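Subject: Model for your files

Hello,

Here is the structure I said I would pass on. My notes follow below it.

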Amino acid sequence: MVKFITNLLKALNANVNPAEIAHAFACGTILGLMPKDNLLWYLVFVFILFVRINKPAYLIMTLIGAAISPAFDGLFDTIGYAFLTIPAFSGFFGTLLDIPFVAFTKFNNSVVMGSFLCGIVLYIPVYFLGRLFVYIWRKYAADFVRNSKIAKVINKIPLIGKIASSVGGN
């Protein structure tokens, strides 16, 4: 975990394209919100691994999304149920269930479908917030944090000092 945080800090401070980091935040949000016990989660996970994004940011955002998603299961259930009960899609969903292995995606679970839809809807706002975060970090926050008294005291801790020196803090 420390390695991922170090790599994310390196990317934030380096000349990495901000879009790669922002897309990683957005993709991590989609995956983090979804329940992990279905084939759809694994398909999305593998698909996103082939996309050019910042992998440490992706994995950290997935963990953050997984930590907060249980608080929104009621909302995901409501949204998923509303989508799955649209009469125009009932024939399509029935056909999907008849295809072998598609049922393992658990797309017909209202929480899975609701969290997947919410993740897709949140993709654009999270992307722009991620770009804004990278801009603010690089322009203002990185130097402020690096030169603060608290950071200097924390950097004296051996493990933290090693991480900071590998990131280029001191």
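Is Met-34 buried or exposed? With a relative accessibility of 0%, Met-34 is buried, because the cut-off for that class is under 20%. Keep in mind that this is a predicted model.

Met-34 sits in the loop that runs between helix 2 (18–33) and helix 3. Apart from neighbours within four places in sequence, the contacts of Met-34 are Leu-40, Trp-41, Ser-115 and Phe-116. Val-44 lies 10 residues from Met-34 in sequence, and the C-alpha atoms of the two are 10.0 Å apart.

Val-44 also takes part in the packing of helix 3 on helix 4. Helix 3 covers residues 39–49 and helix 4 residues 55–68; the angle between them is about 160° and their axes are 11 Å apart. Helix 3 is therefore roughly antiparallel to helix 4, since the angle is over 145 degrees. The crossing of helix 3 past helix 4 is right-handed. On the helix 3 side, the residues in contact are Val-44, Phe-45, Ile-48 and Leu-49, and they meet Lys-55, Tyr-58 and Leu-59 of helix 4. By class, this contact has six nonpolar residues, one charged and no polar.

On confidence: the protein chain has a mean pLDDT of 85, with 81% of its residues at 70 or more. Helix 5 (residues 73–84) has the highest mean, 96, and helix 9 (residues 158–167) the lowest, 62. Where pLDDT is low, the predicted coordinates should not be read in detail.

Regards

Key: Residues numbered from 1 in each chain as written. Predicted model: local features only at pLDDT ≥ 70, side-chain atom pairs only at ≥ 80, totals over all residues. Heavy atoms only, no water. Axes fitted to C-alpha atoms, helices over the stretch in contact; angles between N-to-C directions. Helix = DSSP H or I, 4+ residues; strand = E, 2+ residues; numbered from the N terminus. Parallel < 35°, antiparallel > 145°, perpendicular 65-115°, else oblique. Left-handed = near helix turned anticlockwise from the far one by under 90°. Contact = heavy atoms within 4.5 Å. Nonpolar A, V, L, I, M, F, W, Y, C, P; charged D, E, K, R; others polar. Buried < 20%, exposed > 50% of the residue type's maximum accessible area, 1.4 Å probe, protein only. pLDDT = per-residue confidence, 0-100.
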